[in-house]
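Please take a look at the sequence and the model, then read on.

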Amino acid sequence: DSQVTQKFARSLSEEKDVMARTIAVTGTIAENLVEFDLAAARAHLRGERAAIPRVLHDHLHDLITNLEMYRPFLPDSLFEEQGAVDTGGPAFPKQVLEDGGGEVVGTVVFTDIRSSSTIWRAAPDSMKRALRVHNKVIRKQVAAFNAYEVKTIGDAFMIAFTDLDRAVAFSLAVHDNLLHANWPEELLRLPECLRKEDVWGGLAVRIGIAEGETSVELNELTGRWDYFGHAVNVAARLEAASAVGGIAMLHEQFSRLERNHAVAVISRETMVLRGVNDSSA
């Protein structure tokens with residue numbers, strides 16, 4: 001009786017593991033299908049073939065095949081990345097919103113993809129899919145850190161935060177999530193997208209961060225809030241000067257971050273920005 005009980009318990013445990021794996025795999029494929037990333041869905045299905053029941057595998061295979069067949073007849077709008085929803089956001093003091101704009105002290109972040117023009121020329125279809133992955137990563141972290149997407153300029157993002165700490169945490173999370181994102185296979189074969197240790201793999205971004213006083217105004221044409229001022233200009237210059245897969249910020253602001261938190265720095269470089277009071281970054 002004891003042996004029968006043990007055998008039955010092992011069988012239940014194995015069934016439980018199979019069910020958990022099946023749920024995880026189908027959940028990932030479902031996310032790919034919701035985004036209409038059929039290449040990623042098929043890659044996941046192919047890679048996890050032995051992990052899910054044959055009947056379910058065949059049904060998912062047929063579903064992906066049918067969607068691929070119908071893709072040329074579907075409108076392009078179905079595949080376009082949706083912009084951020086403007087909720088006002090905690091990056092705006094209540095008084096500024098009520099007054100329709102004003103001066104705020106906050107932090108501005110710029111991100112930009114490395115060598116995007118080269119990648120677009122080499123693999124336009126893969127880059128189109130990869131850009132959707134990139135945008136989803138950025139916007140997911142914008143929401144997670146209660147930030148505000150000011151605008152996109154090409155494949156660059158401008159984002160506002162209430163404080164420096166939150167902006168730095170956001171930037172680290174973006175780099176980490178891009179490193180582990182599911183990129184198209186063709187993209188990963190390009191020299192610009194090859195994995196470099198644990199720094200980047202796939203699309204890599206540069207990030208610039210600057211804290212300071214900025215002016216906030218409502219753009220009547222777009223209906224979104226826009227930021228202007230010295231901090232905006234500095235953040236844009238820092239992003240352009242940042243190392244790939246890195247974060248650039250002013251020395252004084254980084255020193256304050258070090259004093260207030262335990263900051264682990266893998267490598268650090270110093271540069272000079274002309275025309276900026278705290279010119280070292």
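What follows is an overview, then notes grouped by topic.

This is a predicted model, in which local features need pLDDT of at least 70 and side-chain atom pairs count only at pLDDT 80 or more, while totals for chains, interfaces and linings use all residues. Residues are numbered from 1 along each chain as its sequence is written, and side-chain values use heavy atoms, with hydrogens and water left out.

**The chain as a whole**

- The chain holds 10 helices and six strands; these are DSSP runs numbered from the N terminus, with helices being H or I of at least four residues and strands E of at least two.
- The chain has 281 residues, and 41% of them count as buried (buried is under 20% relative accessible area, exposed is over 50%, and partly exposed is in between, using a 1.4 Å probe and protein chains only).
- Its accessible surface is about 16,100 Å², with 54% belonging to carbon and sulfur atoms (Shrake-Rupley method with a 1.4 Å probe; for residues, only the protein chains shown count as cover).
- Among contacts with a separation of 6 or more, 69% join residues 24 or more positions apart (a contact means heavy atoms within 4.5 Å).

**The nonpolar cores**

- In soluble globular proteins, nonpolar side chains tend to be buried together.
- A nonpolar core here is a set of buried Ala, Val, Leu, Ile, Met, Phe, Trp, Tyr and Cys residues joined through side-chain atoms within 4.5 Å.
- The largest such core has 35 residues, and those touching the most other members are Ile159, Phe161, Phe170, Trp183, Leu187, Leu203 and Ile209.
- Elements giving two or more residues to this core include β1 (101-113), α6 (124-144), α7 (164-179) and α10 (251-260).
- A second, separate core has 17 residues, including Val108, Phe110, Met158 and Trp225.
- Beyond its neighbours within four places in sequence, Trp183 is in contact with residues including Ala130, Val133, His134 and Leu203.

**Helix α9**

- Helix α9 covers residues 230-241, and its 12 residues should span 16 Å at 1.5 Å a residue, which agrees with the 17 Å between its end C-alpha atoms (the expected span is 1.5 Å times one less than the number of residues).
- Its buried residues are Ala231, Val232, Val234, Ala235, Leu238 and Glu239.
- Viewed down the axis of α9, these buried residues fall within an arc of 165 degrees, so they line one face of the helix (the arc is that of the directions from the helix axis to the C-beta atoms).
- The buried residues of α9 pack against β1, β3, β4, β5 (225-228) and β6 (247-249).

**Paired strands**

- Strands β4 and β5 pair in the antiparallel sense over four bridges (two strands pair if DSSP finds at least two bridges between them).
- Ser215 stands opposite Phe228 in β5.
- Six residues lie between β4 and β5 in their hairpin, where Gly223 in the turn has a positive phi of about 75 degrees.
- Strand β2 (residues 148-153) runs antiparallel to β3, joined by five bridges, and Thr152 stands opposite Phe157 in β3.
- The hairpin of β2 and β3 has two residues between the strands, and Gly154 takes a positive phi near 70 degrees.

**Two residues to look up**

- Arg42 is found in helix α2 (residues 38-47) and is buried, with a relative accessible area of 17%.
- Leaving aside neighbours within four places in sequence, Arg42 is in contact with His61, Ile64, Thr65 and Glu68.
- Ser117 lies in helix α5 (residues 116-122) and is partly exposed, at 46% relative accessible area.
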